[in-house]
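Subject: Handover of a structure for your study

Dear colleague,

Please find below the structure that I am handing over to you. My findings follow it, and I would ask you to read them with the model open.

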Amino acid sequence: MPHPDEPTSVVAVGGPHPDADDLALVALGEDLGADVHAHISACAVCAGQVASFHDTVELAGLSDYGRDAPPPGEHVWAAIAADLGFAD
């Protein structure tokens with residue numbers, strides 16, 4: 001059976017593991033469908049990975065790092081848009 005860090009496109013209970021990005025999204029509260037959630041419920045490896053990601057999310061939420069930082073200026077968003085090819 002593949003390791004959970006190996007990406008897959010099909011998820012079934014007892015089948016291929018969801019990729020790590022999908023498991024992280026589940027830890028963040030995203031609904032990736034019944035197949036993914038059924039797999040995680042039946043797979044100790046994936047359930048452990050989601051729990052680990054969830055612990056990290058919880059710890060990050062306890063930090064006040066950056067809360068008092070000013071929001072990025074318009075020039076920052078313009079540079080991001082330009083880098084992504086969305087410039088006017």
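The chain contains four helices and zero strands. Read from the N terminus, its elements follow the order α-α-α-α. Please bear in mind that this is a predicted model. Of the 88 residues in the chain, 18% are buried. Among contacts between residues at least 6 apart in sequence, 37% join residues at least 24 apart.

I turn next to the packing of the helices. Two packed helices are described by the angle between their axes and the distance between the axes.

Helix 2 covers residues 34–42 and helix 3 covers residues 44–62. Their axes are 5 Å apart and meet at an angle of about 100°. Angles of 65 to 115 degrees count as roughly perpendicular, and helix 2 and helix 3 are therefore roughly perpendicular to each other. On the side of helix 2, the contact is made by His39, Ile40 and Ala42; helix 3 contributes Ala44, Cys46, Ala47 and Val50. By class, six residues in this contact of helix 2 with helix 3 are nonpolar, one is polar and none is charged.

Helix 1, residues 20–27, also packs against helix 3, at an angle of about 55° and with the axes 8 Å apart. Helix 1 and helix 3 are therefore oblique to each other. Their crossing is right-handed. The contact of helix 1 with helix 3 comprises eight nonpolar, two polar and no charged residues.

The cysteines deserve a separate word. How many disulfides does the count come to? The count is zero. A disulfide requires two cysteine sulfur atoms within 2.5 Å. For Cys43, the closest cysteine sulfur is that of Cys46, at 3.8 Å, which is too far for a bond. For Cys46, the closest cysteine sulfur is in turn that of Cys43, at 3.8 Å, again too far for a bond.

Are these two cysteines buried or exposed? Residues under 20% relative accessible area count as buried. Cys43 has a relative accessible area of 11% and is therefore buried. Cys46, at 0% relative accessibility, is buried as well.

With kind regards

Conventions
Residues are numbered from 1 along each chain as its sequence is written. This is a predicted model: local features need pLDDT of at least 70, side-chain atom pairs count only at pLDDT 80 or more; totals for chains, interfaces and linings use all residues. Side-chain values use heavy atoms; hydrogens and water are left out. Axes are lines fitted to C-alpha atoms, for helices over the stretch in contact, and angles run from 0 to 180 degrees between N-to-C directions. Helices (H or I, at least four residues) and strands (E, at least two) are DSSP runs, numbered from the N terminus. Angles under 35 degrees count as roughly parallel, over 145 as roughly antiparallel, 65 to 115 as roughly perpendicular and the rest as oblique. Contact means heavy atoms within 4.5 Å. Ala, Val, Leu, Ile, Met, Phe, Trp, Tyr, Cys and Pro count as nonpolar, Asp, Glu, Lys and Arg as charged, and the others, Gly among them, as polar. A crossing is left-handed if the near helix is turned anticlockwise from the far one by less than a right angle, and right-handed if clockwise. Buried means under 20% relative accessible area, exposed over 50%, partly exposed in between (1.4 Å probe, protein chains only).
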